[in-house]
Amino acid sequence: MKKTRNSTTPTTGGGGATTAMRVIVPLQGVVQGRGGLFLGSVIPCALFYFLQLYLKGRGGRKSDDPPAPPESSPSETHLPEVSTLHRVHSRLLLSPRGTNGPAQVSSRANAISKQVDGPYYVGLKRSVDDPYDEMNNPDGVIQLGMAENRLSLDMVQEWLAEHTRESIICQDLSISGIAAYQSFDGLMELKVVVAGFMSQVMEKPQFFNPAQIVLTAGATPAIEILSFCLADPGNAFLVPSPYYPDLDRDVKWRTGVEIVSVPCRSADNFSLSTTALDRAFNQAKKRGLKVRGIIISNPSNPVGILYNREMLYSLLDFATDKNIHIISNEIFAGSTHGSEEFVSMAEIIDTEDFDRNRVHIVYGLSKDISLPGFGIGVIYTFNENVLSAAKKLARFSPVSSPTQRLLISMLSHTKFVQRFIKINRERVRRMYYLFVGGLKLLGIECTKSNGGFYCWADMSCLIRSYSEKGELELWEKLLNVAKVNATPGSSCHCVEPGWFQLCFSTLREKDIPVVVERIRKISETCISRS
Amino acid sequence: MAIEIEKPTVGLSKVAVSDTHGEDSPYFAGWKAYDEDPYDELCNPSGVIQMGLAENQVSFDLLEQYLEKHSEATNWGNRTFGFRDNALFQDYHGLQTFRKAMACFMEQIRGGRAKFNPDRVVITAGATAANELLTFILADPGDALLIPTPYYPGFDRDLRWRTGVKIVPVHCDSSNNFEITPQALEAAYNEAESMNIKVRGVLITNPSNPLGATIKRSTLEEILEFVTSKNIHLVSDEIYSGSTFSGEEFVSVAEVLEAQNYKDSERVHIVYSLSKDLGLPGFRVGTIYSYNDKVVTTARRMSSFTLISSQTQQLLASMLLDETFTANYIKTNRERLKKRYQMIIDGLRNSGIECLKGNAGLFCWMNLSPLLEEPTKESELILWKSMLHEVKLNISPGSSCHCSDPGWFRVCFANMSEQTLQVALTRIHDFMDRRKAMKTSN
């Protein structure tokens, strides 16, 4: 009997203030009458304050506990702990002015800084602090938690070695040309070559109109800008789960917008069903959240499946029926490796009679041309108003000119691009099959996926108790004993425990047996105990 | 117009439809006029001269020379990726060398009178992003920042649009050279309180845009006292700190803090950028320097939304760490800006126009109030329009900077060649002559 988590609880990270208000306001109502407002504030405040003291006394908390009032992240700050009473009640009558402790930061900043780093971020940090290297650090952590494509770095480096200088400061262009102000949403020349690149990557003559493109410093701001444009604070997006952990940051941190996850299950191969969409939509409504759109990633992350035509039509039907938007994050389109056809939203919109105003595509170069810090993001929208707003908002996340010049040059070298796309795809395919094969030897099955450079593995056979707790125990063992950083399904809001995302794109072929061996060692201890 | 809509159109957010981006204001309307009819010495000598863009082109040649000589700075292909190379995760920390380079450069600009710790440097894609990021961190929707007027028109958009934070102006006027007074700060604070708005901080620009003048040390101390007494933050936007005409007159809030042993410094945050001092706006390089650990940590995480590519960081790191180059650049840049400033001041004075005494920046604060029909904002805009359409100069009206005294204009002088500046001055001279002639004939 597969247990599932409650998939409708809001993801952690909400401000402690809102929780406090939910407690206090009704209590205020209770204690009305003479001196009502004063007492109605003091008594619940006092209760709340003592409750917090008690909870703190009981020691550390996991990230899944109901949000406690924000604490400073212990490893990085040395500020004295400010009493939670001040922050929570800043707007009530008792708000103490002035002299207690340093000036406060905003509640959204508090929510972010308190985010006790979940497994996803802890794992990433560990792998960066103690990275595996065959020669210099053979006991280091092998990074399987980062979807960064190192498989084809050599080709890009080769190109750079030959062409860098001329492309930034080329013949006619002095530094004054690249240094002066240009529009924030990217040079038109770059948009043109990016549009061409997108078409090539998708292996179809799909036309992308450069005039509908806004370029940003990465896909992260692209998603955030769209979130700001399509939803107001307090609204929500429906997102099929499991979804990649960073989406919580991109959509929610600064916008005040919520994510309502739409659980997908292994029985359906983690594909999205309209029934689940409907259910999630109605649940959101019951919670008083207005749904403004759906965000999908295609190929999906972390699972790696492709949306077929029928599914995309159903999505568009659903969106039309509810009059909401669709954001399709197609950033992994260049790493499709299976037998299935990749269909972009752009293709559907071209051929069918849906309202284009509700469709927005996100793309980026960071997955296909993975140079650290080199990624640019693309917002591709058919909606004039969104385009106009996004162009102005790009000023907060612009791509620097030298990078733009370099990319214009690189992406204009058609032979290089063709060769790169082809070889990259082959390498992704090869690594995928090798890696999945290696895991299979351990009895670990992966979902059949057709895109992305990761696999979605069912490691439930290795966990002791079939629960999130069991999964996190395995995660810890993988990280600390096997020295392998994998992303646990719970960080991706997966409703079934035991699933892990393993990215193989930072590995070389000879690293795969090392990984398999390390997992085998701990799997023996897992199995022997069960 | 009532048209039968069959299907409801899909809605957008308030942010998307709001006009807080301010692009319909005169400040930006002038740019449009310039775009349509730009001055060119040879091809369009009667076009609009752009004097509304605070950009520094006077020292480009120095940068060009540097890059010619140091082509290895642009050879990223040769960089081998060692096994400790960081990737996407570490991106938001920024390259250590780059942060060190920024810290050193900021120290150099201040003549070594303040120290900057590279670990407190947070990197953003421009000062615009830095200011917005700080606003997200220091204030909640509905809260306010106090900003002395006149201020940079872009603040209305950068600090308010997505953040939902308000700006409450601190009124400064010509009676005391637009200096910030404790009374003005107090008045603004009380105004916010009376509207039930919570003030989270004060934001100053030092050297000031649009005034083109540095803030006195005593004023900085008063401002610090004020924010300490109210327990709020202070953001000091020092993006013009390298564009002072002499090395001595600029006092950074960092120096004041160092003098008082960093007491109460956790409320202070500095914004810097290379766009103005180095004339590299296209590079989009900004930083937040905060004395507050929590702000540094949070800002760093939030900078994921506004990263600078490693290539750009490396290119600039090697340049900024070259102290011979930077020392020479800073000195030469100052001299050239001073010369430009003198040129425009003298030229304007010959036309009978006075400016506020300035000592920094890429612009001067010109007083045209004697020319106004009436001392009103409307009269100012009429004058602005005739400057734009008759004299063909795009200058920025004080009202778009929220200046309470009508008739002041910001005029940029560093974004053009000397010849172009001369043409602009000639046009102003002729304009003033015509007005004098009209007056005497009436």
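**Aromatic pairs and an open sheet in a predicted model**

Good morning. A search of the whole structure finds 30 aromatic pairs over all chains; rings of Phe, Tyr and Trp (its six-membered ring) pair if their centres lie within 6.5 Å, and planes under 30 degrees apart count as stacked, over 60 as edge-to-face and the rest as tilted. This is a predicted model, in which local features need pLDDT of at least 70 and side-chain atom pairs count only at pLDDT 80 or more, while totals for chains, interfaces and linings use all residues. Residues are numbered from 1 along each chain as its sequence is written, chains are lettered from A and ligands numbered from 1 in the order in which they are written, and side-chain values use heavy atoms, with hydrogens and water left out.

One stacked pair consists of Trp456(A) and Trp499(A), at 5.9 Å centre to centre with 15 degrees between the planes. Trp456(A) lies in strand S10 and Trp499(A) in strand S13 of chain A, 43 residues apart; helices (H or I, at least four residues) and strands (E, at least two) are DSSP runs, numbered from the N terminus. Trp456(A) is buried at 0% relative accessibility, where buried means under 20% relative accessible area, exposed over 50%, and partly exposed in between (1.4 Å probe, protein chains only). Trp499(A) is also buried, at 7%.

In chain B, the planes of Phe178(B) and Trp408(B) stand at 90 degrees with the ring centres 5.1 Å apart, so this pair is edge-to-face. Phe178(B) belongs to the loop between strand S4 and helix H7, and Trp408(B) to strand S13, 230 residues away.

Charges also meet rings. The charged end of Lys322(A) sits over the ring of Phe281(A), 4.7 Å from its centre; the criterion is NZ of Lys or CZ of Arg within 6 Å of the ring centre and within 35 degrees of the ring normal.

I turn now to a sheet. In chain B, 7 strands form an open sheet of mixed pairing, in the order S2-S8-S7-S6-S5-S3-S4; two strands pair if DSSP finds at least two bridges between them. Which strands stand at the edges? They are S2 and S4 of chain B, each with a single partner strand, so one side of each is left without a neighbour in the sheet. S2(B) and S8(B) run antiparallel and are joined by 4 bridges, and Ile123(B) stands opposite Thr287(B) in S8(B). Thank you.
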